[in-house]
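Here are a few notes to read alongside the model as you get to know it. Take them in order, and keep the 3D view open as you go.

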Amino acid sequence: MNISVTKTTLQLDDYLDLLNLAVSIGDEKWQKEILRKLSYTYPSKKLVSNQ
């Protein structure tokens, strides 16, 4: 049996969907974690927080 492991990476749209979910449920800790990951993954993009 040959088992291959696939690494899944999130795309920008996925992160933004997760961020919208975190905002909608009011989870500020998760929002900050997602924003940190976005700024690390996409350093050339300017991210704006409503806070």
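1. Of the 51 residues in the protein chain, 14% count as buried. Please bear in mind that this is a predicted model. The chain exposes about 4,700 Å², and carbon and sulfur atoms supply 52% of that area.

2. For the overall fold, look for two helices and zero strands. Helix α1 covers residues 12–25, which makes 14 residues. From its first C-alpha to its last, α1 reaches 20 Å, close to the 20 Å expected at 1.5 Å a residue. After α1 comes Gly26, with a positive phi near 75°.

3. Which residues of α1 are buried? They are Tyr15, Leu19 and Ala22. Looking down the axis of α1, you will find its buried residues within an arc of 60°, so they line one face of the helix. In general, an α-helix has 3.6 residues a turn, so residues three or four places apart point the same way.

4. Now turn to the other side of α1, where Asp13, Asp17, Asn20, Ser24 and Ile25 are exposed. The cover over the buried residues of α1 includes α2, residues 28–41.

5. The largest nonpolar core is worth a visit: its six residues are Tyr15, Leu19, Ala22, Ile34, Leu38 and Tyr42. Both α1 and α2 supply at least two residues each to this core, and α1 gives the most, with three.

6. Setting aside neighbours within four places in sequence, Ala22 is in contact with Asp27, Trp30, Gln31 and Ile34.

Technical notes: Residues numbered from 1 in each chain as written. Predicted model: local features only at pLDDT ≥ 70, side-chain atom pairs only at ≥ 80, totals over all residues. Heavy atoms only, no water. Helix = DSSP H or I, 4+ residues; strand = E, 2+ residues; numbered from the N terminus. Buried < 20%, exposed > 50% of the residue type's maximum accessible area, 1.4 Å probe, protein only. Areas by Shrake-Rupley, 256 points an atom, 1.4 Å probe, with all protein chains shown as cover. Expected span 1.5 Å × (residues − 1). Arc of directions from axis to C-beta. Contact = heavy atoms within 4.5 Å. Core = buried A, V, L, I, M, F, W, Y, C linked by side-chain atoms within 4.5 Å.
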